[in-house]
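Biologist: Before I use a model like this one, I would like to learn how to read its features one at a time. Could you take me through them?

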Amino acid sequence: LSSPSGLTHESHKKDVEQVYLRCSEGSIEWMYPTGALIVNLRPNTSPASYKHLTVCIKPFKDSAGANIYLEKTGELKLLVRDGDRSPSKVYCFGYDQGGLFIEATPQQDISRKITGFQYELMNKGIASDLHTVSAPCRPCSDTEVLLAVCTSDFVIRGSIQDVTNEAEEQESIIHVGVNKLYRQKSKVFQLTGESGNWRGQIKTLLECGVKPGDGDFLFTGRMHFGEARLGCAPRFKDFQRMYKEAKDKGLNPCEIGPD
């Protein structure tokens, strides 16, 4: 978390402050913005890998007081306009497309403004999985499912207990009851004190029209800004079939023991 403050150079309203971030994910909060802020993302990886990275930012819900631009060799491209209210909207760009230039907008009272956002650096392949524009709700092929089992941040067998739709954010929250936990990167799925069962929540797009239903599914997906995002989710019996067929042919990319 980086938290610069505009009050430290209020008398020089054209000041440009530089911030260097070494982590692959985190957040920045610019309190009382004045002047401008250049955010330099310098991950602790080889510079040769930079071209394979995608940067995603998610503004805080109440972020205000500055415009956020993508800057490269002096050219600015507006990314987030001050006052935009798009809950949960994520903005992504290639690491080699430039850096972030945050410019404060004129304010009568800067003490009431805080500009902030979360950021993540990820492999371009992962980012495209999360933001598939062409067909975000299409079913995964057998090959995609088997690969998702090997590469996802979470892999669980479970059932849909309930679905909550959030129209404002254009998202659905799937409330999942877990029957078997194969893998999870973060502790999204946890034991509940009352029943002693594993439960958790997975988010997906509202347009996908997920509804509660009977039967078990294999849920896979990735963590994105601290939330579990749905990837491939075949019915479990279909997964068992494709897993066995691939295993019989010696084509399984990895083993998890799907029983």
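Biologist: Where in the chain is confidence lowest, and where is it highest?

Modeller: This is a predicted model, so confidence is read element by element: the mean pLDDT is lowest in helix α1 (residues 124-130), at 61, and highest in strand β10 (residues 154-166), at 94. Over the chain the mean pLDDT is 84, with 87% of residues reaching 70 or more.

Biologist: Which residues are buried in helix α2?

Modeller: In general, an α-helix has 3.6 residues a turn, so residues three or four places apart point the same way. In helix α2 (residues 142-151), the buried residues are V145, L146, A148 and V149. They lie on the same side of α2, because the arc they cover around the axis is only 155°.

Biologist: What covers the buried residues of α2?

Modeller: The cover includes the strands β10, β11 (171-184) and β14 (217-224), together with the helix α3 (236-248).

Biologist: In what order do the four strands of the open sheet come?

Modeller: As a general idea, strands of a sheet pair through backbone hydrogen bonds, either parallel or antiparallel. Here the order is β2-β9-β4-β7, and the pairing is antiparallel. At the edges are β2 (25-31) and β7 (91-94), each of which pairs on one side only, while the twist from one strand to the next averages 25°.

Biologist: How many bridges join strand β4 to β7, and which residue of β7 is the bridge partner of T54?

Modeller: Strand β4 (residues 53-59) and β7 run antiparallel and are joined by four bridges; the partner of T54 in β7 is G94.

Methods. Residues are numbered from 1 along each chain as its sequence is written. This is a predicted model: local features need pLDDT of at least 70, side-chain atom pairs count only at pLDDT 80 or more; totals for chains, interfaces and linings use all residues. Side-chain values use heavy atoms; hydrogens and water are left out. pLDDT is the predictor's confidence in each residue, from 0 to 100. Helices (H or I, at least four residues) and strands (E, at least two) are DSSP runs, numbered from the N terminus. Buried means under 20% relative accessible area, exposed over 50%, partly exposed in between (1.4 Å probe, protein chains only). The arc is that of the directions from the helix axis to the C-beta atoms. Contact means heavy atoms within 4.5 Å. Two strands pair if DSSP finds at least two bridges between them. Axes are lines fitted to C-alpha atoms, for helices over the stretch in contact, and angles run from 0 to 180 degrees between N-to-C directions.
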